[in-house]
Amino acid sequence: MKIFAEQFNAFCQQRKTAGTKGEAVGYMYKRGGNIKAWKKRWFHIRGNLLFYFKAKDSELAQGVILLEGVEAKPTEDTFGRAFCFKITYGQKGLREFLFSASSAEERLHWIDIINHASFGAVSDAVYRSKQYISILEQERKKREHDLIQTIIDLKLDLHRYKLKSIAQTPLSRFRRAVKTIINMRRLTGSQDDTNHFKSVMKNCYIM
């Protein structure tokens, strides 16, 4: 990737407003490429770029490393320093970068940030997040459907209870008594059976 001077300077100035999620800053030792010596540098990850400065208050970066298609992992090649890790590219023939952190915890922190800084890693994370959101949405709809069904069942139970209660009222018993007498008259052919009518009504009220 080619970076013009103006763009490079702009990136360097932006580090002064750092502090957003996904960024990391701090001192580490970096092993030189041509001169194999350890040099203390101030590092700042912004997006998929790893800037390194001579000091924390330096205006311009000494260099920048593109964190695309890379893997950061601990290494046994310490060259006299502890807590070392390296950045390697998937393509052969490209340079490896060797670093030394101040502690094991710092090393793990830098490795984690670097391995998640590439555009590809971010895209994968976004894709997984969308899948997770989709699953949550499906579960929400299912719970909503189950809740609606439960409410419907409760309303039906309440309706049945009300019908059963209404069926036990005196008016309902009276109506049943009238229907019973009418049916009896139809069967017996009786036209004037007042005493029997009253008896049936009384029995129905007692029921």
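In what order do the seven strands of the open sheet stand? Color the strands and read across: β4-β3-β2-β1-β7-β6-β5, with antiparallel pairing. Keep in mind that this is a predicted model.

**The edges.** Select 63-66, which is β4, and 70-74, which is β5. Each of these edge strands has a single partner, so one side of each lacks a neighbour in the sheet. Now turn the view to follow the twist, which averages 35° from one strand to the next.

**β1 and β2.** Select residues 24-31 for β1 and 38-46 for β2. Eight bridges join these antiparallel strands. Pick out M28 and find its bridge partner in β2, R41.

**The helix.** Next, select residues 104-115, helix α2. This helix packs on the sheet and touches β1, β2, β3 (49-53), β5 and β6 (84-89). The direction of α2 makes about 165° with that of β5.

**R41.** Go back to β2 and zoom in on R41. Is R41 buried or exposed? R41 is buried, yet has no salt bridge. D57, the nearest side chain of opposite charge, is 11 Å away. Beyond its neighbours within four places in sequence, R41 is in contact with G26, Y27, M28, Y52, F53, K54 and Q62.

**β6 and its partners.** Finish on β6. Five of its six residues are buried, so the strand is largely enclosed by the rest of the structure. Five bridges join β6 to β5, and the two run antiparallel. Select P74 to see its bridge partner in β6, F85. Then move to β7, residues 97-100, joined to β6 by four bridges, again antiparallel. Here K86 has L98 of β7 as its bridge partner.

Notes: Residues are numbered from 1 along each chain as its sequence is written. This is a predicted model: local features need pLDDT of at least 70, side-chain atom pairs count only at pLDDT 80 or more; totals for chains, interfaces and linings use all residues. Side-chain values use heavy atoms; hydrogens and water are left out. Two strands pair if DSSP finds at least two bridges between them. Axes are lines fitted to C-alpha atoms, for helices over the stretch in contact, and angles run from 0 to 180 degrees between N-to-C directions. Contact means heavy atoms within 4.5 Å. Buried means under 20% relative accessible area, exposed over 50%, partly exposed in between (1.4 Å probe, protein chains only). Lys and Arg count as positive and Asp and Glu as negative; His and the chain ends are not counted. A salt bridge is a side-chain nitrogen of Lys or Arg within 4 Å of a carboxyl oxygen of Asp or Glu.
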